[in-house]
Amino acid sequence: MIGKKWLPALSALVMAVGVTAGGGAAMAKEKHKDIVNVSHRGASGHAPEHTLVAYDRGEKMHGDYIELDLQMTKDGHLIAMHDEKVDRTTDGTGYVKDMTLAEIKELDAGSWFNEAYPEYAKPEYQGLQVPTLEEVFQEFGKNNSYYIETKSPAIYPGMEKELLRLVDKYRINKDKLLIQSFSPESLKIMHELDSSINLVQLLSYRSYATITDEQIADVKEYAMGIGPNHTYLNEEYIQKVVNSGLEIHPYTVNDKERMKQLIDWGVTGMFTNFPDRLHEVKKGK
Ligand code: G3P
Ligand code: CA
């Protein structure tokens, strides 16, 4: 007969055996199912980043969110582009802030990709345009899931207000909208303008990643999650964040083994240029 005092230990042992002998597999599958798959700049491993084609591929490859970086033109239009300059991803040169939308629309945002990634090149990528945020909303609709980053907000005063104006104009479903930034100031402006919008604080680490209780408490004042670069993360960091109640979506994870490791460590989603790979990992492939 087992004494009462041993019962908790016994039940813990039974649970542990259950986890390793099948229960764990079921739990792991559940965990994989809920991982948020963010198509980083669209399915940008397969098609030119921040084009409507790349966003469409992301959807077809089971991305849950379209990730968009925003820059603002000289005449005040929000466009989808990662860099402040058009040089890397178009055939033009110069800063977005110094160009009108009409000038941006003249640029070819696809041919660079064909040259850089011949294994993924397609003739139809030639001549693709840089989309405006409005065009993205028009194309993908109000009930899509958007994960929008305010880039370089210090050089585009008012970009948060303009973003919210378009979110409201196109009646974007705010339950499926996430706004992210490396700039806490930009996120706090968003929070002031509309506290119902879910925000994610991006973080960049150049070596071993740590986060203090104070930093977590500070982020929780305005955001529901953090997005750190994945490179220096470890299980302890991830568990600390998750246990605090924050979401954690590392960027940019393209390797399947790393995806599996981060999921095992407890992340709640991740950004990837290959949403098809993350989908496979979630399916256990
Ligand atoms: O937004 C997450 C991730 O995209 C941040 O890095 O430079 O690719 O915008 P970046
Ligand atoms: Ca981004």
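This is a predicted model: local features need pLDDT of at least 70, side-chain atom pairs count only at pLDDT 80 or more; totals for chains, interfaces and linings use all residues.
Residues are numbered from 1 along each chain as its sequence is written, chains are lettered from A and ligands numbered from 1 in the order in which they are written, and side-chain values use heavy atoms, with hydrogens and water left out.

**Stop 1: strand β2**

Select residues 65-72, which form β2. Helices (H or I, at least four residues) and strands (E, at least two) are DSSP runs, numbered from the N terminus. Eight of the eight residues of β2 are buried, that is, under 20% relative accessible area, with exposed meaning over 50% and partly exposed in between (1.4 Å probe, protein chains only). Display the side chains next: Tyr 65, Glu 67, Asp 69 and Gln 71 point one way, while Ile 66, Leu 68, Leu 70 and Met 72 point the other way. In a regular strand the side chains alternate between the two faces of the sheet.

**Stop 2: the partners of β2**

Two strands count as paired if DSSP finds at least two bridges between them. Within β4, Glu 149 is the bridge partner of Asp 69. Finally, show β3 (residues 78-80), antiparallel to β2 and joined to it by three bridges, with Ile 79 as the bridge partner of Gln 71. The hairpin of β2 and β3 has five residues between the strands, and Gly 76 takes a positive phi near 85 degrees there.

**Stop 3: ligand 1**

Select ligand 1 and the residues around it (a heavy atom within 4 Å). Among them are Glu 67, Asp 69 and Glu 149, together with His 40, Gln 180 and Phe 271. By class, this shell has four nonpolar, three polar and five charged residues; Ala, Val, Leu, Ile, Met, Phe, Trp, Tyr, Cys and Pro count as nonpolar, Asp, Glu, Lys and Arg as charged, and the others, Gly among them, as polar.

An oxygen atom of the ligand lies 2.7 Å from a side-chain N or O atom of His 40. For Glu 67, the corresponding distance is 3.0 Å. A polar side-chain atom of Gln 180 is 2.5 Å from an oxygen atom of ligand 1. Taken alone, ligand 1 exposes 280 Å², of which the protein buries 91% (Shrake-Rupley method, 1.4 Å probe; for residues, only the protein chains shown count as cover).

**Stop 4: helix α10**

Select residues 256-265, helix α10, whose buried residues are Arg 258, Met 259, Leu 262, Ile 263 and Trp 265. These residues lie on the same side of α10 because they cover an arc of only 160 degrees around the axis, taken from the directions from the helix axis to the C-beta atoms. Just after the helix, Gly 266 takes a positive phi of about 115 degrees.

**Stop 5: two loop residues**

Most residues other than glycine have a negative phi, and most peptide bonds are trans. His 50, in the loop between β1 and α2 (52-60), has a positive phi of about 50 degrees although it is not a glycine. Arg 171, in the loop between α6 (159-169) and β5 (177-181), has a positive phi near 50 degrees. His 50 is buried, with a relative accessible area of 3%, whereas Arg 171 is exposed, at 65%.

Terms used:
A polar contact is a pair of N or O atoms within 3.5 Å; within protein, one must be able to donate a hydrogen and the other to accept it, and residues adjacent in sequence count only if both atoms are side-chain atoms.
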